[in-house]
Amino acid sequence: QVRLVESGGGSVQAGGSLRLSCVVSGNMFSRNCVGWFRQAPGKERERVGLIHTSGTMSYYEDTVKGRFTISQDNAKNTVFLEMNSLKPEDTAMYYCATVFPPAPTESWCKNSGSYTLWGQGTQVTVSS
């Protein structure tokens, strides 16, 4: 059974840091797209960034570029979202997602519609 499980959310003050984890089970980790998304109350879900687990590409939205970094641990089938210099506007439920069946090419990664398997989310709250 394919599952994505996020963890690492919490409450921090502005300027602080958090690291979110996403464990991808069910043979979906290898050579596939894993994206991070977030949704604040009353707002549309938005993409934060993504990675292809072959290690050949990553992408970040302008709102987080230079502050957030996506990395991976292949031995643990885990993708991380390192968030630094957090701002109150980063407050949201954060989700990781992947493509199922696995993306045939890296070009699928930038299409948010490709992501069909989602985790349950982890809450990030940044206070001013």
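**View 1. Asp90 sits in the loop between β8 (78-83) and β9.** The model shown here and in every view is predicted. Asp90 counts as buried, at 1% relative accessibility. A polar atom of the Asp90 side chain lies 2.8 Å from the backbone nitrogen of Lys87. Neighbours within four places in sequence set aside, Asp90 is in contact with Arg38, Arg67, Phe68, Ser85, Val124 and Val126.

**View 2. Asp90 and Arg67 form a salt bridge.** Their closest N and O atoms are 2.8 Å apart. Asp90 belongs to the loop between β8 and β9, and Arg67 to the loop between β6 and β7, so the pair ties together parts 23 residues apart in sequence. Arg67 is buried, with a relative accessible area of 11%. Salt bridges with shared partners join Arg67 and Asp90 with Arg38 and Glu46 into one network.

**View 3. Glu46 meets Arg38 in a salt bridge.** The N to O distance between these side chains is 2.5 Å. Side chains of opposite charge can pair when their charged atoms come close.

**View 4. Arg47 and Glu61 form a salt bridge.** The closest N and O atoms are 2.7 Å apart. This pair links distant parts of the chain, 14 residues apart. Arg47 is in strand β5. Glu61 is in the loop between β6 (57-60) and β7 (68-73). Both residues are buried. The structure counts five salt bridges, by the rule used here.

**View 5. A disulfide joins Cys22 to Cys96.** The S to S distance is 2.1 Å. Cys22 lies in strand β3 (residues 18-24) and Cys96 in strand β9 (residues 92-99), so the pair ties together parts that are 74 residues apart in sequence. The torsion about the S-S bond is about 75°, so this disulfide is right-handed. Cys22 is buried, with a relative accessible area of 0%. Cys96 counts as buried too, at 0% relative accessibility.

**View 6. A disulfide joins Cys33 to Cys109.** Here the S to S distance is 2.1 Å. Cys33 is in strand β4 (residues 33-39). Cys109 is in the loop between β9 and β10 (115-118). The two cysteines are 76 residues apart, and the pair links distant parts of the chain. A torsion of about -80° about the S-S bond makes this disulfide left-handed. Cys33 and Cys109 are both buried. The structure holds two disulfides. With the bonded cysteines of the chain numbered in sequence order, the pairing is 1-3, 2-4.

**View 7. Strand β4 pairs with β5 and with β9.** β4 is mostly covered, with six of its seven residues buried. β4 and strand β5 (residues 46-52) run antiparallel, joined by six bridges. β4 and β9 also pair in the antiparallel sense, over six bridges.

**View 8. β4 and β5 form a hairpin.** Six residues lie between the two strands. Gly42 is in the turn, with a positive phi of about 80°. In a regular strand the side chains alternate between the two faces of the sheet.

Note on methods
Residues are numbered from 1 along each chain as its sequence is written. This is a predicted model: local features need pLDDT of at least 70, side-chain atom pairs count only at pLDDT 80 or more; totals for chains, interfaces and linings use all residues. Side-chain values use heavy atoms; hydrogens and water are left out. A disulfide is a pair of cysteine sulfur atoms within 2.5 Å. Helices (H or I, at least four residues) and strands (E, at least two) are DSSP runs, numbered from the N terminus. Buried means under 20% relative accessible area, exposed over 50%, partly exposed in between (1.4 Å probe, protein chains only). Two strands pair if DSSP finds at least two bridges between them. A polar contact is a pair of N or O atoms within 3.5 Å; within protein, one must be able to donate a hydrogen and the other to accept it, and residues adjacent in sequence count only if both atoms are side-chain atoms. Contact means heavy atoms within 4.5 Å. A salt bridge is a side-chain nitrogen of Lys or Arg within 4 Å of a carboxyl oxygen of Asp or Glu.
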